[in-house]
Amino acid sequence: MIPEMTISETTQSKGAPLFCLVLAGILFLAPALNSFAADASVQVQLDVKKAGPRAVEDLTERGILRDYRLAWTSMAQAFQFNSFDPLEGPFSGEAKHWLRQAVTSQQQSGLSCRYTNQNHRVDAVFYSPEGDVIELHDTAQYHLQILDGSKTIDDQDVTVHYVVLMTPGADRWTIRQLQAVPQF
Amino acid sequence: MPRRFKIFALIYFAAAWAGVCSAQDLRVPASASAGEGTTISTTGNGKATFYLVGPGASRKSDVSLGEDIHLASQDLQTAGRYLAILCADTCHSSAFYLSAGKPASLSFIVHPSRVPVALNDAVSGVAFPFDQYRNLVLTPVSVNFQLTAKDVSLFSRSVRTQNGIAWFRTTSGKSAGPVRITASLDDLTATRALQQVASDPCNLRITGQRTKTGILVQTEPVHDCTGNVLPDGTIVTFTATGRDGKDTVDAPIKQGIARAQMDSAGPTLISAASGVVIGNEIRVGAQP
């Protein structure tokens with residue numbers, strides 16, 4: 001009887017710190033997990049077969065895929081939390097300029113946008129002879145929710161076509177132009 | 001009787017619901033260009049809140065239903081998809097697209113900045129037309145590419161943009177010197193410069209003579225295969241093989257000729273090379 005109680009007590013006394021440790025770990029990793037979850041919700045399929053005149057190498061294709069997905073994850077975060085920080089890195093030039101403008105005007109009008117369930121079917125249609133610019137055509141499907149404060153004013157699944165220009169930087173590809181069009 | 005009542009009630013509520021739904025509506029423009037103001041018409045009575053959400057702009061304002069909503073040009077400068085939302089009892093939305101305006105600038109990328117002469121597909125350029133708000137112009141337009149050296153046209157081609165891009169690739173010219181490359185579209189012109197330099201040497205020939213201090217060896221004027229003098233600083237490597245072993249000297253070309261003084265007392269075999277090109281060999285006898 002006594003040994004059983006002892007075991008039970010011992011288990012509890014060891015389990016409590018372990019539970020706290022796990023909880024602390026989850027809390028510590030929560031932002032990273034959240035970021036991962038957001039990233040995982042962005043699905044991108046890239047087809048480079050039509051790209052030319054330069055052929056897209058495998059490593060380049062993987063880099064573009066990685067950075068394009070990250071850009072959409074970052075853009076979704078920027079529009080959801082009305083924050084400029086996520087835009088630093090994945091965007092440059094004109095794309096970065098208008099995204100910053102969009103976030104500023106969202107802040108001023110009290111609006112926010114949630115892009116979820118993103119699915120991007122991307123075709124590379126042009127890759128310059130020297131490999132310094134690539135044009136992508138993205139048929140993006142996502143759920144877009146627009147909020148005024150906490151009130152949802154629009155909530156719909158949409159399909160949007162984007163013409164995208166990406167250029168390589170020191171360690172990543174950045175989006176320089178992101179322009180929605182009615183059709184390709 | 002109760003069954004009839006139910007049917008009538010159902011029809012009444014359906015009609016009432018349809019009435020609510022049609023109480024407010026909005027009509028967006030079928031097409032619009034960046035930087036041009038436009039109008040959205042509304043139906044219904046009373047007050048409502050209007051939202052415009054698009055690239056570069058989000059706007060919220062109070063409007064009267066039944067009146068037109070005027071969107072100023074400064075709200076519509078970025079091409080893309082805009083969503084107009086009208087909220088009274090419920091919210092209704094409609095999307096419209098803004099296309100780029102007329103080309104107002106050309107972005108032009110040329111590679112490389114320095115190129116050997118007569119090299120196949122060595123020069124390339126890519127041009128992008130943008131409107132005054134830096135939207136990519138996707139409507140096809142013709143861009144003229146021209147390469148000129150000393151007012152002589154080396155290359156000229158008109159290329160129609162596809163998906164907002166026009167590009168060319170060509171062989172470099174035959175003469176060393178500066179080349180002007182232009183991309184023009186109507187009255188817009190973007191100019192870049194590139195330097196054509198001599199290619200690898202052709203027929204590298206050397207001469208040598210014994211002097212009091214050794215052997216003076218020098219090249220004949222070094223040209224590439226199209227007759228351009230190789231630029232100063234191009235390295236020619238002289239190798240002397242004699243009884244004492246092998247001696248190597250690097251000498252830069254100066255005004256077309258590379259010279260070197262080599263120490264060798266006995267009979268010596270001298271050769272020269274520049275880049276991947278190997279010149280002739282000469283034999284210089286022993287010091288008398």
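Good morning, colleagues. Please keep in mind throughout that the model is predicted.

I begin with chain A. Chain A has 3 helices and 5 strands, and along the sequence these elements follow the pattern α-β-α-α-β-β-β-β. Of the 184 residues of chain A, 34% count as buried. Among contacts between residues at least 6 apart in sequence in this chain, 59% join residues at least 24 apart.

The strands of chain A form an open sheet of 5 strands in the order β1-β2-β3-β4-β5, with mixed pairing. Which strands stand at the edges? They are β1 (42–47) and β5 of chain A; each has a single partner strand, so one side of each is left without a neighbour in the sheet. From one strand to the next, the twist averages 25°.

Two helices pack on this sheet. Helix α2 of chain A touches β1, β2 (111–127), β3 (134–148), β4 and β5 of chain A, and its direction makes about 160° with that of β2(A). Helix α3 (residues 93–109) of chain A touches β2 and β5 of chain A, with a direction at about 65° to that of β5(A).

Let me stay with helix α2 of chain A for a moment. This helix spans residues 58–81, 24 residues in total, and reaches 35 Å from its first C-alpha to its last, close to the 34 Å expected at 1.5 Å a residue. The buried residues of α2(A) include A:I64, A:Y68, A:W72, A:M75 and A:F79. An α-helix has 3.6 residues a turn, so residues three or four places apart point the same way. The buried positions in α2(A) also include A:R69, A:T73 and A:S74. Just after the helix, A:N82 takes a positive phi of about 50°.

Strand β5 (residues 173–181) of chain A is mostly covered, with 7 of its 9 residues buried. Strand β4 (residues 151–168) of chain A runs antiparallel to β5(A), and 8 bridges join the two. They form a hairpin with 4 residues between the strands. Two positions illustrate the pairing: A:L165 stands opposite A:Q177, and A:V163 has A:Q179 as its bridge partner.

Which residues of the largest nonpolar core touch the most other members? Of its 90 residues, they are A:L99, A:A124, A:I134, B:V53 and B:A84. Leaving aside residues up to four places away in sequence, A:I134 touches A:A51, A:I64, A:A124, A:F126, A:Y127 and A:M166. There is also a second, separate core of 20 residues, and B:V117, B:A198, B:V222 and B:A240 are among its members. In soluble globular proteins, nonpolar side chains tend to be buried together.

How do the chains meet? In the model, 31 residues of chain B are in contact with 29 residues of chain A. On the side of chain B that touches chain A, at least two residues each come from β4 (47–54), β5 (57–64), β7 (80–87), β8 (91–99), β9 (105–111), β11 (123–130) and β14 (166–170) of chain B. The largest share, 5 residues, comes from β7(B). By residue type, this side of chain B divides into 16 nonpolar, 10 polar and 5 charged residues.

I close with three places in chain B. The first topic is an open sheet of 3 strands, ordered β1-β3-β6 in chain B with antiparallel pairing. Its edge strands, β1 (25–27) and β6 (69–71) of chain B, each pair on one side only. Strand β3 (residues 38–43) of chain B is joined to β6(B) by 3 bridges, and B:I40 has B:I69 as its bridge partner.

Finally, B:V152 lies in strand β13 (residues 152–160) of chain B. Is B:V152 buried or exposed? B:V152 is exposed, because 10 other C-beta atoms lie within 10 Å, and a residue counts as exposed at 12 or fewer. From B:V152 to B:V179 is 27 residues in sequence and 9.6 Å in space, C-alpha to C-alpha.

Technical notes
Residues numbered from 1 in each chain as written. Chains lettered and ligands numbered in written order. Predicted model: local features only at pLDDT ≥ 70, side-chain atom pairs only at ≥ 80, totals over all residues. Contact = placed C-beta atoms within 7 Å. Nonpolar A, V, L, I, M, F, W, Y, C, P; charged D, E, K, R; others polar. Pairing = 2+ DSSP bridges. Core = buried A, V, L, I, M, F, W, Y, C linked by C-beta atoms within 7 Å. Expected span 1.5 Å × (residues − 1). Axes fitted to C-alpha atoms, helices over the stretch in contact; angles between N-to-C directions.
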